[in-house]
Amino acid sequence: MTSPALDSFAPGTGAAGCGPAAGPESTDIRAPLGLLDLFGDPFVRDPYPWLDRLRSESPVHHDPATGLWLVSRHQDVRRVLLDPERFHPDNAQHAVTPLPVAVLRVLARVGFTLPPALANNGTLSHSGLRRVVTRFFNAQRVAAAVPVIERIADELLDGVRSQLDSTDGCDLFTSFAQVLPCRVLMEVLGIQGVEPATLIRWSDASLELFWGRPPLERQLELAELVAEFHQWLTVTVRSGTVPSSSFIGALARHRLPDGTSLDAETAVAACFFVFIAGQSTTGQLIATVLRRALDEPGRWPRVAGAAGLAEAWVEEVLRREPPVTTWRRVTPQATRLGGVGLPAGAQLLLMLMGSGSDPEVFPRPERMCPNRANIRHHLAFGVGRHRCPGASLARTEAAVALRAAARRLPDIRPAAGTGEPPILGLLSFRAPSMVAVERA
Ligand code: HEM
């Protein structure tokens, strides 16, 4: 993929302020789409050429390796998300790599189960449970959280600053991007009795076990961590000692459509999803936001000062390189999509990331243009009944993190000689797992 000079732009999209093409130097790929490996290094490092080909050659594509139907055009992804009758969310949290008996045994030991609660809930209980979540993340709550986010960001950046001053180098992912959302979530939801580092370890293990392709030995290690997490949640939910103002307290007060209270398994399933979704994804977003701003010449000093630029930069990263790259749905009955017949039980993989680079919606999608007219038309947070209720918090955290880092660390640049950073490449989650910087 080339990067044409940006001297003209499609009407209504704005041209000034656009950067060069973002992301890896894309290469033209000629391999048959049948050879696509969603977990392989070539796709994880540079998914764009594959996503472009899927969109133009086979927009509803059966992937023989995973059995999933890959849906890549913006309009088809949107159509699926807005039609919960034809496309159910039940498979949202299924393990993409089957869990062997030995792994299931580790989970069964703690009574691990994920009954329908939020993302995987197509039943009548969904809207009420969703309201419990949205009350914690509505506009007032997010506005009230800004000083908390700024305080925690400042504390973490104190540590980064002293590390840079003493050693000249630092990894902004582990020391900042990953920790900030976890600590913010713990304050916003009133999560107590666990260290942030433990919550991060449990959360990352859950993502890798359910959305990764780990070998058996690794699956067993991950299952131990996931079992620990589930057990801690079960004990905490059942203890009845959490503050009533906390998220778990709100779940305890919640009544289902038939007037009964929530069973412990469903309350644990709701926490399991929110405690993961509320931090890992935002940490991944912040990592990409920082990395791309540091990579683009002249961008870093500008985001610290220019009003609204940090917010717009975050939005462009969400469009072009979102942390949640795909999401799943399943067809209860045979149906058609984009001219393709789908059988009952078809597992759909909605390519959210590819949809953000659909040139039908975003002209010159490879350019990072913080002033695009339709900057928010991406599907990084989904749309419709299950749209991410944490979107506003995630956007705010990422913008605060970027502005604070650029202000406090004006003298940094990507560390020389470290090459391409390691990338987390799971079915639905992708981000650099290291943002190495040094003093300029
Ligand atoms: C950059 C960060 C984030 C991204 C990209 C993201 C993305 C998504 C996506 C794609 C979905 C599925 C939408 C659908 O099925 O239509 C989702 C659902 C969800 N997200 Fe997020 N999310 C992020 C941060 C958060 C945060 C901070 C929270 C905080 C609680 C959160 C909580 C949830 C919940 C509870 C759902 C399920 C909603 C439902 O089924 O009604 N997410 N998110």
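This is a predicted model: local features need pLDDT of at least 70, side-chain atom pairs count only at pLDDT 80 or more; totals for chains, interfaces and linings use all residues.
Helices and strands here are DSSP runs, numbered from the N terminus.

**Around the ligand**

The ligand takes up the space of the largest cavity. Four elements, α5 (126-136), α12 (264-277), α13 (280-295) and β4 (327-330), each give at least two residues to the shell around the ligand. By type, that shell is made up of 18 nonpolar, 7 polar and 4 charged residues. Which of the 29 residues around the ligand come nearest? They are His126, Arg130, Arg329, His386 and Cys388.

You will find Cys388 in the loop between α16 (352-355) and α17 (391-408).

| Residue (side-chain N or O atom) | Distance to an oxygen atom of the ligand |
|---|---|
| His126 | 2.7 Å |
| Arg329 | 3.0 Å |
| His386 | 2.7 Å |

His126, Arg329 and His386 are also among the residues that come nearest to the ligand.

**Aromatic pairs**

Now for the rings. The model has 12 aromatic pairs. One of them is formed by Trp202 and Phe229, which are stacked, with 5.3 Å from centre to centre and 20° between the planes. This pair joins distant parts of the chain: Trp202 belongs to helix α9 (residues 196-211) and Phe229 to helix α10 (residues 216-239), and the two residues are 27 residues apart.

Note on methods: Residues are numbered from 1 along each chain as its sequence is written. Side-chain values use heavy atoms; hydrogens and water are left out. A residue is near a molecule or strand if one of its heavy atoms lies within 4 Å of it. A polar contact is a pair of N or O atoms within 3.5 Å; within protein, one must be able to donate a hydrogen and the other to accept it, and residues adjacent in sequence count only if both atoms are side-chain atoms. On a 1 Å grid over the protein atoms alone, a cavity is a set of points where a 1.4 Å probe fits but cannot get out, and a pocket is an open set with protein on both sides within 12 Å along at least five of seven lines; lining residues have an atom within 4 Å of a point. A molecule sits in a cavity or pocket if more than half of its atoms lie within 2 Å of its grid points. Ala, Val, Leu, Ile, Met, Phe, Trp, Tyr, Cys and Pro count as nonpolar, Asp, Glu, Lys and Arg as charged, and the others, Gly among them, as polar. Rings of Phe, Tyr and Trp (its six-membered ring) pair if their centres lie within 6.5 Å; planes under 30 degrees apart count as stacked, over 60 as edge-to-face and the rest as tilted.
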